[in-house]
Amino acid sequence: MRSLPSIIHLDMDAFFAAVEQAAKPSLRGKPVVVGGLGGRGVVSTASYEARRFGVHSAMPMAQARRLCPNAAFLSGRFEAYRQVSELVMGLLRELSPLVQPLSLDEAFVDLEAGPYGPVLAESDHETGERLVLALAEDLRADIQRRTGLTGSVGAAGSKLMAKIASEQAKPDGLVLIEPGQERAVLGPMPVRALPGIGPATEQVLRRAGLNTVADLAEAGEGELVQLLGRAHGAGVHQMSIGLDDRPVVADQDAKSVSVEDTFEVDLADRERVLREVEVLAARCVRRLRAAGRSGRTVVLKVRRFDFSTLTRSETLRGPTDDEAVVIETARRLASQVDITGGVRLLGVGVAQLADYTQEDLFAQALREEAAEHAESEVETAEEEPEAVAPRRWMPGQDVRHTELGPGWVQGSGVGRVTVRFETPWSGPGRIRTFAVDDPALEPARPLPLWGAEEPEETGAPGERETPGETGAPGAPGAPGV
């Protein structure tokens, strides 16, 4: 355990929604919800304005619409999130080569391994803490200056406490937990505050009367080992008393992303099992996308009533982060499993990870094959022109009009698409409506946020804002951001 709080944890605030607000001036200060917009869609991220209405991550999108009907409901733009994430991670690597990303919007940093390490090593405790706070404040200021977004930072002597501190700092804050105060801080917290304690473990602990971290510490390692098993029980006890010597590991590359649930009562109904598999697959895809990854192999894990565990997997033709593809594959695997006697645990994972998410080639291929199959089954008179499927426009999608320039889709339906024409550096833009097949309207790549490097073939000449400017060159009269 370190005597100096030289490990920091950065967690960007409402990241996906905040990127959308930064990119779309008309949405700033308004409730924004990002996630799946279909009938079974769930919330990925909600802005703080939407959270005031009770909307939160992992909530069914239908419920979010009921709670906050006036919010902007947008599909995800993962290329844009990756762009901002790479910029933020670059700022972190200026502080230290030991940066451990956990997802697109959060990471640990070991300051002792960076250029300020020698100064920290030679400083007394008070001076060292002041330097850590100064570095964290500068980091937050740099992130806001370069992206317009806010992040919360926690500093502590371990990864566990740094993450706890960043949670306490939200939103847009900085909290330092001094080494030696771990048990005082952790004690009143619910057991779910510790990493590795999910819903099933929480229920086991609750039945034993252990509700807070202080209860876990008082129970002792022996009782926790009896309840949770040797490895898990010992680990939970160590963390409950504030001991965590895990190092910050740079460029940690996960080989798979997975989720699983243990059920209070064994599942014996096939349809119930398939429904649970769908829920798990959707959660797995959310984690996959949050990490900015896609994967080629879908894995199903089943633990039966007699504690025997089996896995089934299917390797796709290409990497995917398409929720429908993962759900369908997981359902297909589950339908082949004998559930006689009941199922205690189900898990869904994605392996053989790849580094892109925006261009889902496998899902695209499936859609193209389905379209070709449908066309082959339709007999069309020779004199009739070949039908062309209308283009699909998703809310929040980046577009460009040959005359009006860049904008984003507000909505579409009944053969029309509504577009708001604005950029990250302009004021709120005007709204126009077009036919969905208007040849002047095309999909576009995301524009950069303030101060970011502009991607090739996406910039509009004369519309770039530089640091320190208050207006958008090329957009006369546009208010500053």
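Modeller: Happy to. Lys-24 touches Leu-74, Arg-77, Gly-396, Trp-408 and Glu-422, leaving aside residues up to four places away in sequence; contact here means heavy atoms within 4.5 Å. Keep in mind that this is a predicted model: local features need pLDDT of at least 70, side-chain atom pairs count only at pLDDT 80 or more, and totals for chains, interfaces and linings use all residues. Residues are numbered from 1 along each chain as its sequence is written, and side-chain values use heavy atoms, with hydrogens and water left out.

Colleague: Is Lys-24 buried or exposed?

Modeller: Lys-24 counts as buried, at 1% relative accessibility. The classes are buried under 20% relative accessible area, exposed over 50% and partly exposed in between, with a 1.4 Å probe and protein chains only.

Colleague: And where does Lys-24 lie?

Modeller: In the loop between α1 (15-23) and β2 (32-35). Helices (H or I, at least four residues) and strands (E, at least two) are DSSP runs, numbered from the N terminus.

Colleague: Which backbone oxygen does the Lys-24 side chain reach?

Modeller: That of Gly-396, at 3.5 Å.

Colleague: Switching topic, how many salt bridges are there?

Modeller: The count comes to 25 salt bridges, where the rule is a side-chain nitrogen of Lys or Arg within 4 Å of a carboxyl oxygen of Asp or Glu. One of them pairs the side chains of Asp-261 and Arg-283, at 3.0 Å from N to O. Asp-261 is in strand β9 (residues 256-267) and Arg-283 in helix α12 (residues 270-290), so this pair ties together parts that are 22 residues apart in sequence.

Colleague: How accessible is Asp-261, and what about Arg-283?

Modeller: Both are partly exposed: Asp-261 has a relative accessible area of 22%, and Arg-283 has 23%.

Colleague: What does Glu-314 pair with?

Modeller: Its side chain meets that of Arg-332 in a salt bridge of 2.8 Å, N to O. Glu-314 sits in strand β11 (residues 309-320) and Arg-332 in helix α13 (residues 323-335), so the link ties together parts 18 residues apart in sequence. Glu-314 is partly exposed at 24%, as is Arg-332 at 31%.

Colleague: Which other residue forms a salt bridge with Arg-332?

Modeller: Glu-328, with the closest N and O atoms 3.8 Å apart. Arg-332 and Glu-328 both lie in helix α13, 4 residues apart, about one turn of the helix. Glu-328 is partly exposed, at 45%.

Colleague: Back to Lys-24: which residues share its salt-bridge network?

Modeller: Shared partners join Lys-24 with Glu-20, Arg-77 and Asp-398 into one network.

Notes. Polar contact = N/O pair within 3.5 Å; in protein donor to acceptor, adjacent residues only side chain to side chain.
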